[in-house]
Amino acid sequence: MAEILQPSTNSLQVPGNDRSVSTSPSSSPSPSRNDCSIAPLTPSPSPRTELRPRVACPFSVVVAIDFGTTSSGYAFSFTEDPDAIHMMRRWEGGDPGVANQKSPTCLLLTPDLRFHSFGFAARDSYHDLDPEEARLWLYFDKFKMKIHSTSDLTMVTELESVSGRRVRAIEVFAHALRFFREHALKEVKDQSSSVLEGNDVRWVITVPAVWRQPAKQFMREAAYLAGLVSPDSPEQLLIALEPEAASIYCRKLRLHQVIDLSQRPITNGLDLDGSRPFDSSFRQAREQLRRARHSRTFLVESGTGELWSEMQTGDKYIVADCGGGTVDLTVHQIEQPQGTLKELYKASGGPYGAVGVDLAFEAMLCQIFGADFIETFKVKRPAAWVDLTIAFEARKRTASPGRASALNISLPFSFIDFYKRHCGQSVETALRKSNMNIVKWSSQGMLRLTTEAMNELFQPTISNIIKHIENLMQKEEVKGVRFLFLVGGFAESPMLQRAVQNALGQHCRIIIPQDVGLTILKGAVLFGLDPTVVRVRRCPLTYGVGVLNRFVEGHHPRDKLLIKDGREWCTDILDRFVSVDQSVALGEVVRRSYTPARVGQRKIIINIYCSSTDDVVYITDPGVRKCGAITLDLPEPGAVAASSSSNGNGAAFERREIRATMQFGDTEIKVTAVDVLTGRQVRASIDFLSN
């Protein structure tokens, strides 16, 4: 319990602009780093040069982990050679014809909950298990979506494996991060000429921009549990927002590194001259990239890339991160001549990723074979169900709007056999009785999905993506966008590319980086090298605390009246820290001062409230909820009293002032505090996972 000593104004302050004591959060970046001196890909000069001053980096290497819903990977760069981004070693296993840029995000635990394998190894090992044995093992895939969909996420939230067994989500994520830590460090050490210590590495983990603070804190806690960094060194770990990372990389692109869909008018899936399918240029670029990938080292532009030479001051662009689980949208401006980025509208998006197509395929199977059978098959033959989803995933990648032939999906023999024994008829009979004319049966044991069937599977997800982008482009702050960058794994889909170009190509240029699946990963490395590159962000929510104000008759409702020490107070008033969609720059802080409610108090706990709107007055208003708490650990009373006596100010102990400094302009909310009387730091923490 605490009292507010001085309710400050809502305006943000920049440290150093006033005389009050302030401290920057230890993990907030120093706003003076040059953009890493990243060398150009070709000898030609960059159209514009960034003029930000250089800064010494306290780390020897930056390792970024792109933790995706369907696939994950890592990349790194040495700070003494930041012009080169090294991609992870190629993964063994996988599907024929599919480039293994990343590893599938799937994890296998033994029956006694020990780590067994991750990625292709986990998938293949689970496939090889006996059906009865597989029911005892714990196989997880696409588990990142659980974090997005859980509204009451805590440290004890559980995940359900394919076989139905449950385990704490934090342990699943920690196992995966520990796997990447071990592989990345081994590769970094193999390429390093010096001995690296644990504190020489800065880690970056990517998360969707639409994730709230609890989910971001959850990933940080999982990283602590995995041993990436110590909780005592929070500055060693950065949380990067996925579309923001993509934007950081996109501003480096040169013209030969992108495919401009707007320069390819299309008719019925073909170029205007009818010479080749709409997606052929993209496939050709992917093939060139695949042939060059043996080096696994990418060079990036030193300044902003020549694509930006066409942009003028005030020009806007959207980055649409179309991933496996979510679609994230961010709107940026490049600030010249520094080359920094300014967010123009709060991040938005939703669960419209490629997983939506998988769910549509599952719904189609339920319609053909019955929902009860599909659920039974998933429980009784979990490994075979995984095999079926993998088979669909491989074929889904080949779907394109210009394709005339059907797509064949192999049904596992165990599916065919189990259905006949469970339902007393063949899958061919079930398909015929379902009257689903857009799906045929092949005598080779395959489902043949016609073009109409694939369109049905893709259409709902793609429509949601386009609708969300269109709604965003109607916002006043976003009108007049010049570029739309499509990034993320789902952006590789010609189905999505064609639909976006048809719907939005008249409003802006649609740009796809050639290495679209690695855009976020590369941008996350650049963010780790220079965390100050995004100078201004927009607040996703309104944040504040509940306070007492003097009661004003006729203005405040009577049910909020509190009489204390003979004075009339109004309770539950929301003291705003920041408002939704408010611009907040790096280095700007919010300060509030608090005093303990009683002598000898060891902790001050302040509940934080949030709202998706700004028209709230009280913490009890509709839409306002408690979302976290700030904890200030106070020094021993004796130590403070002694310090007060030495300062000749013993009476001040009765009215101690603890000044909290909060930063909302970073990817995470941060807080520090100081005891004004002694000038000493007070241990301060902010928790969004314990509600």
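Predicted model: local features only at pLDDT ≥ 70, side-chain atom pairs only at ≥ 80, totals over all residues.
Q: Is serine 72 buried or exposed?
A: Serine 72 has a relative accessible area of 0% and is therefore buried (under 20% is buried, over 50% exposed, and partly exposed in between, with a 1.4 Å probe and protein chains only).

Q: What polar contact joins its side chain to threonine 105?
A: The side chains of serine 72 and threonine 105 are joined by a polar contact of 2.6 Å. The term denotes a pair of N or O atoms within 3.5 Å; within protein, one must be able to donate a hydrogen and the other to accept it, and residues adjacent in sequence count only if both atoms are side-chain atoms. A polar side-chain atom of serine 72 also lies 3.0 Å from the backbone nitrogen of glycine 68.

Q: Changing topic, what is the strand order in the open sheet?
A: The eight strands run in the order 13-24-23-17-18-19-25-29, with mixed pairing. Strands are DSSP runs of E, at least two residues, and helices are runs of H or I, at least four, numbered from the N terminus; two strands pair if DSSP finds at least two bridges between them. Strand 13 (258-260) and strand 29 (583-585) are the edges, each pairing on one side only.

Q: How many bridges join strand 25 to strand 29?
A: Three bridges join these antiparallel strands, and arginine 538 has serine 583 as its bridge partner in strand 29. Helix 13 (residues 451-473) packs on the sheet, touching strands 17, 18, 19 and 23.

Q: How do helix 13 and helix 14 cross?
A: Their axes come within 10 Å and cross at roughly 40°. Axes are lines fitted to C-alpha atoms, for helices over the stretch in contact, and angles run from 0 to 180 degrees between N-to-C directions. The two helices are therefore oblique to each other (under 35 degrees is roughly parallel, over 145 roughly antiparallel, 65 to 115 roughly perpendicular, and the rest oblique).

Q: Which residues make the contact?
A: Among them are Phe458, Ile462 and Ile466 of helix 13 and Leu496, Ala499 and Val500 of helix 14.

Note on methods: Residues numbered from 1 in each chain as written. Heavy atoms only, no water. Contact = heavy atoms within 4.5 Å.
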